[in-house]
Amino acid sequence: MTCWIIPSRRWTARPGFRAATLAATCAVGCAAPEPWRPMTIPAPPPLSALARDPATIQPVRHETAEEQAAPGPAAPAVFGLDDLVRFAVERNPRVARAAIAVDAAQGRYVQAGLYPNPDLALAWDEIGDRTGAGGILTAPRVTQTIVTGRKLTLAQAVAGREVDQAALDVLAERFAVIGSVRAEFYDAYALQQRREILAELVRLAEQGVEQGKALLAAERVARLDLVQLEVELERYRAEARAVERELPAAYQRLAAVAGDPRLPVGRLTGPFDAPPAYDLDAAREVLLAYHPQARSARVGVERAQAAIRAAEAQVIPNVALTGAYIRQYENQSHDAAVGLSAPIPVWNRNQGNVRAARAELGMAVQNVGRVENDLADRLAAAFRGYAAARERAENYRTRVVPRAEETYKLSMEAFRGGQFEYLRVIQAQRAVAEARLELNRSLGDAWRAAGEISGLLLEEAWPERPPGP
């Protein structure tokens, strides 16, 4: 089964939406049923702070058991973010499972519109009657139920909305996986960058220890200064060893999020210095208008409306039409019989199911607000960490790190000229190390939160690329 989700411009506007659906609760029984058509998924409009390519969903192919058991493709030496996202979309079982659910919903839609089968009966009466042998043979007797009140069309309208919701679930799972892969990628990437920073700091600290030993031999520094240098060196080495132990687990987690825990993730590469820019208000409007969960909640209102119409139609009796051929052996006659029957809706007018359907419509209307609140809360939580980390990273990148490096450089020159004690150099060196590590931590936090935001906003091309030919 191949599931396509095509960008379009059909969607329900938010202003006045709840009022309209609540009003429909009273009038829905008289509304004319609309034939169901497969819904289309609109692409978010490009915004200045959220520029992106239109979202295009690739078909999801179901793998056979042999393909699932076969080993995956050989891993490249270097992994980029796009490589892992592409792998996750193609191989992650969450996306495949959601696509199979679409197939199941389409099957229920087909089944809801199928006409009831005719009943075929054979009866042989009065076989041992004393008036004559043979009795009365009725064969065949065919009974066909005639469905009235457009019940099949209304049932398919309900099932069709379920197909729409299943298709939106595919989109939601796809970008949930993409957002998770991006967040975990930059979590591991920041750790990888931290390892490189610590390796550089260890190298500088080793040089400092060697210089301290030479200065101690020349009696220009005290033994205490050399010990402090050695302590700094061991501290950097301990942090570097800790990162080395953390990194394999981070790679393993990234592989699991991508969809294959056995995927041998290699060295990661990608942009890191400048996280993408987002505006909270613009992001919220895009989120509430286009996120699949918000759209699915609105489709849920349409489904509940269709369910009310289907429940109200059940009171219209179906008609059973019967035709039969009768052979009477007593009087050697050939006869025919025709019958027509229908239930009388006296006590059971499906009033209980109608009441339940109306209540479900009210719950569906309220569910729209609940889902929108949840989405806005998730965006705000991600944006809170993103905005703080991005601001902190920018401050460290443009102000703190350059000044710390300049201070260290001036301190070393002054020490070589005999103006400073080496303790001042150690302090400047520590300030550079802490500034670089804090910059790395802030960038990692900002990128991780930005990855979560990109998944909520359905960003296909990420991070934001500058316009160009």
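Modeller: Let us start with a term: a contact means heavy atoms within 4.5 Å. Keep in mind that this is a predicted model.

Colleague: Thanks! With that in hand, which residues does Val 181 touch?

Modeller: Leaving out residues up to four places away in sequence, Val 181 touches Leu 81, Leu 84, Val 85, Ala 88, Leu 254, Val 257 and Ala 258.

Colleague: And how many residues does the largest nonpolar core have?

Modeller: That core has 84 residues, and Val 181 and Leu 268 have the most contacts inside it. Among the elements that give two or more residues to this core are helices H3 (81-91), H5 (151-217) and H6 (223-258). The most comes from H5, with 17 residues. There is also a second, separate core of nine residues, including Ala 98 and Val 163.

Colleague: Now the aromatic rings. How do I read the pair of Tyr 186 and Trp 447?

Modeller: For ring pairs, look at the angle: planes under 30 degrees apart count as stacked, over 60 as edge-to-face. Tyr 186 and Trp 447 are stacked, at 4.2 Å centre to centre with 10° between the planes. Tyr 186 lies in helix H5 and Trp 447 in helix H10, so the pair ties together parts 261 residues apart in sequence. Both residues are buried.

Colleague: Why is the pair of Tyr 278 and Tyr 386 edge-to-face?

Modeller: Because their planes are at 70°, with the ring centres 5.7 Å apart. Tyr 278 sits in the loop between strand S6 (267-269) and H7, while Tyr 386 is in helix H9, 108 residues apart.

Colleague: Are those two tyrosines buried or exposed?

Modeller: Tyr 278 is buried, with a relative accessible area of 9%, and Tyr 386 is buried too, at 2%.

Definitions and conventions: Residues numbered from 1 in each chain as written. Predicted model: local features only at pLDDT ≥ 70, side-chain atom pairs only at ≥ 80, totals over all residues. Heavy atoms only, no water. Core = buried A, V, L, I, M, F, W, Y, C linked by side-chain atoms within 4.5 Å. Buried < 20%, exposed > 50% of the residue type's maximum accessible area, 1.4 Å probe, protein only. Helix = DSSP H or I, 4+ residues; strand = E, 2+ residues; numbered from the N terminus. Phe/Tyr/Trp six-rings, centres within 6.5 Å; stacked < 30°, edge-to-face > 60°.
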